[in-house]
Amino acid sequence: MNIELFLQYLVAGVTYGTIYAIVAIGFNIIYNTTGIINFAQGEFVMLGGMTAVTLHAFLPLPAAILSAVIITMIVGAMIEITFIRWLASPSVLRMIIITIGISILLREIALHVWGAGVKALPYFTGTAVSSISIGDVHISPQVLWVVGVSSVMVICLNLFFSYTQPGRKMRACSTNRTAARLCGINTKNMVTLSFVLSAGIGALAGCVVSPITYIQYDGGTALAIKGFTVAILGGLGNSMAAVAAGLILGILESFSIWVMPTAFKDVISISILLLILFVRPSGLFGSKEAAQLKEF
Amino acid sequence: MLRIKNLEAGYGKLKVLRRISMHVSAGEIVTIIGANGAGKTTLLGAISGLLGNRAGEILFEKQDIRHLSPEKIVSMGCSLVPEGRQVFSTMSVKENLLLGAHVQQRRNRTHDAQQDLDRMYGLFPRLREREQQLAGTLSGGEQQMLAIARALMARPKLIMMDEPSMGLAPLIVRDIFAIIRKLRDDGNTVLLVEQNAKVALGVADRGYVIETGKIILQGPAEDLLSNREVQRAYLGRDLDAEMRI
């Protein structure tokens, strides 16, 4: 393999890796405030992309994306309020089954609204064939958009959780829910906020990635599995570790084409998921003690 | 300030508290002493709203708070320093305190927490030194101070403390109780639950003795300190035996 090909694979890996990381962060945000895995996370990505494509018929691209993200956030809030909020003290199993139900529901609704066809937003800048050359490596401008938007999103989330009072309150809920209530924090609102936030970042990810990967009514499931793998690989609840784990998975996948047929690409993520669950359930960067304290 | 009538509470079918009646007036330190499993923590859980399953009457400033959520009760000015500190261990000392200011910010959008922060650092200079440190890395005594300070950030009318002396060295217990006394001198009202009856009765104005979910004795702290029953059961002195010698 020559160096150009190597770099080309690397770029592809990083692109997919950042998307996986964003989906994983969506998992982590909800996991941190509620202790459950929201299996409808992939559907937020699909919903964001699909809505943006539809709105793009009437609106310019930035406005369409912004509206799609806001609409998905509202959907996220409504889901939490109708399905999760009123449960008094639900078991983890019950919550997980509910989120799986929600994901099936969203998928079927999407099938009825948008049909089974494949859709995509246009490239943000340039076209499918335009590329930026850095040395001998050719990068699609959309790749830069994906990596750029995702990085900005991660940085903004970090600032939000570290320096704003709502961010602190969400962290407080995830560290010690009883103590948060004793500070007068309404933990139920924080759970709603976590759904809104994950829906929003999922939708934005869906928009930026759609020109490259295309989206379909059931496209969320595959992404959710990858995102889940990454979340577990990094250590559940740890968003910075998710970024690292996302890049690892993306790059591994992209280099796997080298040694085996493309069709087996997904085998990599599933094998990693199984391997990590057997060998190190706390994740690469998670601590064993913390994992033992977790309900799930 | 706080008046409880015939309070019954428990977990599921298990009834822990049986017809508890008590009151706390403004400006006093009231202590509840009792052995392990007597129902002290349950009582505070019932008052603070953490325990949903309760019957009877809990009046805070003449309002019935029995059906309110803990969030609402805290915002009314009744704060609990929970058993075992329960600080936000992965967050810094300052962040813990700022979270305590949450109800103040809800009441008043322009509330400036800095003033309250300075007040807390004045009361607990150790916390100022550790401002940026993660709360989980503090010593037990410092965590207890942080838990008290966090509750005070809400400027509560009544502050309830669950076993502030638990697991602390005697010297630190003395510090913590000096602060509790200082809080009362500054006009705060304190409801103190303690297993360490000697220290608790030392600072308190009045006390209640609770045993298997019932109040068996009550009165001014000095009276309880000299009470034979209390001395035998909670202070480890048997006056009758000492008389015979």
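Reader: Which residues in H9(A) meet which residues in H10(A)?

Author: Please note first that this is a predicted model. On the side of H9(A), the residues are Lys226(A), Thr229(A), Val230(A), Ala231(A), Leu233(A) and Gly234(A). Their partners in H10(A) are Ala241(A), Ala242(A), Ala244(A), Ala245(A), Gly246(A), Ile248(A) and Leu249(A). By class, this contact of H9(A) with H10(A) comprises nine nonpolar, three polar and one charged residues.

Reader: At what angle do H9(A) and H10(A) pack, and how far apart are their axes?

Author: Two packed helices are described by the angle between their axes and by the distance between those axes. Here helix H9, residues 219-234 of chain A, packs against H10(A) at an angle of about 120°, and the axes are 8 Å apart. Angles of 65 to 115 degrees count as roughly perpendicular and those over 145 as roughly antiparallel, and H9(A) and H10(A) are therefore oblique to each other. Their crossing is right-handed.

Reader: How should I read the packing of H10(A) and H11(A)?

Author: Helix H10 (residues 239-259) and helix H11 (residues 265-279) of chain A pack at about 140°, with axes 8 Å apart. H10(A) and H11(A) are therefore oblique to each other, and the crossing is right-handed. From H10(A), the residues Leu249(A), Leu252(A), Glu253(A), Ser256(A) and Ile257(A) meet Lys265(A), Ile268(A), Ser269(A) and Ile272(A) of H11(A). The residues of this contact divide into five nonpolar, two polar and two charged.

Reader: Turning to chain B, what radius of gyration would a compact globule with 245 residues have, and what does chain B have?

Author: A compact globule with 245 residues would have a radius of gyration near 18 Å; chain B has 18 Å, which agrees. Along the principal axes, the C-alpha atoms of chain B fill a box of roughly 60 × 40 × 30 Å. Chain B contains twelve helices and ten strands, and 43% of its 245 residues are buried. Among its contacts between residues at least 6 apart in sequence, 64% join residues at least 24 apart.

Reader: How many residues of chain B are in contact with chain A, and which helices supply them?

Author: The size of an interface is often given as the accessible area lost when the parts come together. In this case the description is by residues in contact: 22 residues of chain B touch 14 residues of chain A. Helix H2 (70-76), helix H3 (93-100) and helix H4 (102-107) of chain B each supply at least two residues of that side. The residues on the side of chain B that touches chain A divide into eleven nonpolar, seven polar and four charged.

Reader: Where is Glu163(B) found, and what is its phi?

Author: Glu163(B) sits in the loop between strand S7 (158-162) and helix H8 (170-185) of chain B. Its phi is positive, about 50°, although Glu163(B) is not a glycine. With 22 C-beta neighbours inside 10 Å, Glu163(B) counts as buried.

Methods:
Residues numbered from 1 in each chain as written. Chains lettered and ligands numbered in written order. Predicted model: local features only at pLDDT ≥ 70, side-chain atom pairs only at ≥ 80, totals over all residues. Axes fitted to C-alpha atoms, helices over the stretch in contact; angles between N-to-C directions. Helix = DSSP H or I, 4+ residues; strand = E, 2+ residues; numbered from the N terminus. Parallel < 35°, antiparallel > 145°, perpendicular 65-115°, else oblique. Left-handed = near helix turned anticlockwise from the far one by under 90°. Contact = placed C-beta atoms within 7 Å. Nonpolar A, V, L, I, M, F, W, Y, C, P; charged D, E, K, R; others polar. Rg over C-alpha atoms; globule rule 2.2 N^0.38 Å. Buried ≥ 20, exposed ≤ 12 C-beta atoms within 10 Å, placed from the backbone.
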